[in-house]
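User: I have a model open and would like to go through it with you. Could we take it topic by topic?

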Amino acid sequence: MKRILFSLLCVCLVAFACTKSQTPQEKLTANDAKINEIIAQMTLEEKVEMLHSKTNMSSAGVERLGIADMNYADGPFGIREEGQPNGFMSAGWTLDSATYFPTGSALAATWSEDMAYKYGTGMGKEARLRGKDVILGPAVNIQRLPVGGRTYEYLSEDPMLSAALALFYTKGVQDEGTAVCIKHFAVNNQETNRGSVDVKIDERTLREIYLKPFERAIIEGGAMSVMPAYNKVNGDYCSENEHLLNEILRGEWGFKGMTVSDWGGTHSTMGAMLHGLNVQMTGSNYLGQPVIDSIATGALTEDQVDEKVRQILRVRFAIEPVPADVANTQMTSQPESQQIAREVAEKAIVLLKNENVLPIKSEVKKIAVIGQNAVLKTQSGGMGAGVKALYEVTPLEGITRRAEKAGIKVMYTPGYKNYPGRRWGPAPAEPNPLEAAAIDESADPELLQKAVELAQAADLVLFFGGTNKSIETEGSDRKDIKLPCGQEELLQAIAVANPNIVSVLISGGPTDLQILEPLSPAIVQGWWNGSEGGTALAEVLFGDIAPSGKLPFTFPRQLEDSPAYALGNFPGNNTGADLFTLMFRPDVIKMSPEERQKLIESLPKPISEYTERFYVGYRWFDTKVITPMYAFGHGLSYVNFNYTLDKAAVSGDKVKIAFQLTNEGDMDADEVVQLYVHRIDSQVEWPEKELKAFQRVSLKAGETRRIILEIPFDDLRYWNEETNAWDLEHGQLQLQLGAASDDIRCTAEVTI
């Protein structure tokens, strides 16, 4: 009996140890025995059907065996409206209006892991209501270019910040029973020639900068699916890149899930089958009949198909299908998600400058709101990333509601024309008098005059400038970061009429503020801030809450100061058609698959050199001693925060720093504390400093709190290209603690 009990105890201990040591990715293999039984019952044709799209937003299951289709939801900042089966045109449903969450750069401006997690839960819940299994997001590529068309969709120029938010977004979504499809893997940092550009990048930069957000979300977050990018990396398309998909993703990181190509991003049968792709979206011209034919000739084996099906089924078994009679029975947008969107928006707003103008003073009785960006909705546009929002509070609506409570009169005039950019769909029957014919069109004299008259009649001017989602959009990069449609000319005229100006920038990425900054006593970065963006903005402007956002990227003084421009690495000389756009161009749709492939192969084959290496964003500006307009991590408050260093030390395999943080103001407020590392007398090349830890801290008025920040040694490693492995350089570190990359309050030295 004792022997039996001892044996049972040993079995239990082994089982406990195995469960305890199981990684988030290994959890996907829990149903492998059952999956193998199912694969044994499938025909080759059924297996291959799972390797490509069924509709524009689904891939096939096996109805005969009770395996549901995989349904995808476009994102990553709101569950996209239902489209027609074979395209993106609206299906005309009534219950698919979703919550519009602040876009990626706005989420990153919160510098909050908690907000990223909540954001993910909101997205995951709304996906379930729609019967979706996989969200095509988060989008986590590094913001390398200030002009990047998807800067608004991505998170940050810094891998540490991006990785933390990607991890918690992933956890939030998947804790709600929806899988993420983290994208775009990897080094998708430009829209110019994105379908053909070949990124030439060294291994150290690839590992330390561009792969970090994916690595954390996959290894620690257990991301279940990955979308390879359109571009090539070092010669091979990402959808068939052996180094990225097989050696790193599945080999080093232990990824057990499925990869899904971007729409139109599959390029060959053998490349995809041998080098890591599971599902072709959309079409079956590569991973359909050609796979069966290749097996018949011996070029491929059915075992290779089985492994891809196994990886797909792991995700299918991890995500419970939503029955058809349950999905889409209530409105997608729910109050709980709307509240999350509001919280994120409140914490995202960045106060760039304030010469005692904000919050709005009690003596202000008349406010002139000038600029179309105060009324334009930002839920749709940007080509691939849009939301049919249940509602969207515009800045003007939020300000007007709040002003009414204070007895303040709000007056509005558009001020400038709006550039509509590329149209998707028929042109309006009647021309819009408030639309500009060109992005660099001068200020309209009549609109300018009305704006000046309104400014003269007001106590305070709220000038709304920035871009729109036709200017910052998937499929193309901006030509520059200048304010469009004569905004600068307009502001110069307004400043003469009334210098009491608060400029509010509504954009996803940085803009050139050389003219705007000296004319504006206060400047606010308002982002594309979701369904409750106008509400949150009014709360900040009127002082109901203190602004607490921090810039997730550098605002350069001029575009030429940024690294890719300074070194001539962008934009280059080659231009070509966008791969995604080609899929929906009428003349291309009529082509045969062979003709279409010839067209794609005929596109320019540009190369993008990443010779700036890891000197991206603030790393470049600090190392080269170039003063930006506003630095990475910058963001003011309505209160002052005092930092007092306690101690810094090495403890085990971590560096720790302890300090006292005091809110010296008379209102509750949040501060984002940032810890950077500078290497002293290093033998390895490093940037001047790198962000290595951060924390958002909420303090009541007058409150002091002791904060401890930790840096694991793993986050201090570099990729040693001689040994082709991670390495830790021993020596002295200067810890730089502060409120921004250019606002260091305390320093300390430690030795590792």
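User: Which helix is Arg207 found in?

Analyst: Arg207 is found in helix H7. Helices here are DSSP runs of H or I with at least four residues, strands are runs of E with at least two, and both are numbered from the N terminus. Please note that this is a predicted model, in which local features need pLDDT of at least 70, side-chain atom pairs count only at pLDDT 80 or more, and totals for chains, interfaces and linings use all residues. Residues are numbered from 1 along each chain as its sequence is written, and side-chain values use heavy atoms, with hydrogens and water left out.

User: Is Arg207 buried or exposed?

Analyst: Arg207 counts as buried, at 4% relative accessibility. Buried means under 20% relative accessible area, exposed means over 50%, and partly exposed lies in between, with a 1.4 Å probe and protein chains only.

User: What does Arg207 form a salt bridge with?

Analyst: Its partner is Glu203, with the closest N and O atoms 2.9 Å apart. A salt bridge requires a side-chain nitrogen of Lys or Arg within 4 Å of a carboxyl oxygen of Asp or Glu. Glu203 and Arg207 are both buried.

User: Why are Glu203 and Arg207 separated by about one helical turn?

Analyst: Because they are four residues apart in helix H7. An α-helix has 3.6 residues a turn, so residues three or four places apart point the same way.

User: How many salt bridges are there by this rule?

Analyst: The count comes to 51. One of these salt bridges pairs Asp198 with Lys200, whose closest N and O atoms are 3.0 Å apart. Asp198 is buried at 10% relative accessibility, while Lys200 is partly exposed at 28%.

User: And what about Arg402, which side chain does that one meet?

Analyst: Arg402 meets Asp544 in a salt bridge of 2.8 Å, N to O. Arg402 lies in helix H14 (residues 395-405) and Asp544 in the loop between helix H18 (533-541) and helix H19 (563-566), so the pair ties together parts that are 142 residues apart in sequence. Asp544 is partly exposed, with a relative accessible area of 39%.

User: Which residues do salt bridges with shared partners join into one network?

Analyst: Arg150, Glu153, Lys183, Glu191, Arg194 and Glu474 are joined in this way.

User: Changing topic: which residues lie nearest the centre of the second largest pocket?

Analyst: They are Met160, Arg216, Lys692, Pro712 and Asp715, from a lining of 31 residues. On a 1 Å grid over the protein atoms alone, a pocket is an open set of points where a 1.4 Å probe fits, with protein on both sides within 12 Å along at least five of seven lines, and lining residues have an atom within 4 Å of a point.

User: Which element gives the most to that lining?

Analyst: Strand E21 does, with seven residues. Helix H6 (159-175) and strand E22 (704-712) are among the elements that each supply at least two.

User: How does H6 sit, then, and what is at its start?

Analyst: H6 is largely enclosed by the rest of the structure, because 14 of its 17 residues are buried. At its start, a side-chain oxygen of Asp158 reaches to within 2.9 Å of the backbone nitrogen of Met160. H6 is followed by Gly177, whose phi is positive, near 85°.

User: Lastly, where is Ile182?

Analyst: Ile182 has its place in strand E5 (residues 179-185), and is buried with a relative accessible area of 0%.

Key. Polar contact = N/O pair within 3.5 Å; in protein donor to acceptor, adjacent residues only side chain to side chain.
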